[in-house]
Amino acid sequence: MSDGIKHWKYSRISSIVLIPLTIWFIAFFSKNFGMPFEKVASSLATPFNSFMMLIFITATIFHLQQGLQVIIEDYVYRRLWINLNKMFCSLLFIVSAVSIGKMVFVGVL
């Protein structure tokens with residue numbers, strides 16, 4: 001299978017996965033809207049919600065990386081920009097995962 005076909009399939013799969021996750025995300029934050037930070041953070045620290053948020057962030061960042069790569073390939077196509085895109089999305093994922101992990105394992109300080 002060529003890289004273009006893989007890229008197309010991954011983009012479609014991630015967008016399909018994001019549909020129920022986005023519904024969960026909207027429902028979660030609608031329920032917690034207007035609550036104090038500590039209440040929202042403790043709600044997010046429950047195992048189910050933290051797992052769902054991690055999956056949501058993973059799928060969103062992967063979908064972002066795929067979409068930005070298409071734009072770079074179509075309009076710029078410099079290998080440097082493709083690598084910077086991967087590094088930026090990887091860094092964004094690491095920061096997000098560490099933040100969720102801190103909330104779950106350390107708690108809100």
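Start by selecting helix α4: its 27 residues should span 39 Å at 1.5 Å a residue, and its end C-alpha atoms sit 38 Å apart, which agrees. That expected span is 1.5 Å times one less than the number of residues. Helices here are DSSP runs (H or I, at least four residues), numbered from the N terminus.

A quick word on what you're looking at. This is a predicted model, where local features need pLDDT of at least 70 and side-chain atom pairs count only at pLDDT 80 or more, while totals for chains, interfaces and linings use all residues. Residues are numbered from 1 along each chain as its sequence is written, and side-chain values use heavy atoms, with hydrogens and water left out.

Stay on α4 and pick out Ile-82, Asn-85, Cys-89, Ser-96 and Ile-100, which are buried. Buried means under 20% relative accessible area, exposed means over 50%, and partly exposed is in between (1.4 Å probe, protein chains only). What do the buried residues of α4 pack against? They pack against α3.

Next, show the surface and colour Ile-71, Tyr-75, Val-76, Leu-80, Trp-81, Leu-84 and Met-87, which make a nonpolar patch of about 770 Å². The elements giving two or more residues to that patch are α3 (47-75) and α4 (79-105), and α4 gives the most, with 4 residues. Patch members have over 30% relative accessible area and no salt bridge, and nonpolar side chains (Val, Leu, Ile, Met, Phe, Trp, Tyr) are joined within 5 Å. A salt bridge would be a side-chain nitrogen of Lys or Arg within 4 Å of a carboxyl oxygen of Asp or Glu. Zoom in on Tyr-75, in helix α3: at 69% relative accessibility, this residue counts as exposed.

Now hide the surface and go inside. The largest nonpolar core has 13 residues, and Leu-21, Trp-24, Met-53, Phe-56 and Ile-57 have the most contacts inside it. Such a core is a set of buried Ala, Val, Leu, Ile, Met, Phe, Trp, Tyr and Cys residues joined through side-chain atoms within 4.5 Å. Its largest share, 6 residues, comes from α3.

Select Met-53: leaving aside neighbours within four places in sequence, it is in contact (heavy atoms within 4.5 Å) with Trp-24, Phe-25, Phe-29, Leu-44 and Ile-100.

Last stop: Ile-23, in helix α1 (residues 3-31). Ile-23 is exposed, with a relative accessible area of 55%.

Definitions and conventions: Patches are made of residues with over 30% relative accessible area and no salt bridge: like charges are joined within 9 Å, nonpolar side chains (Val, Leu, Ile, Met, Phe, Trp, Tyr) within 5 Å. Accessible areas come from the Shrake-Rupley method with a 1.4 Å probe; for residues, only the protein chains shown count as cover.
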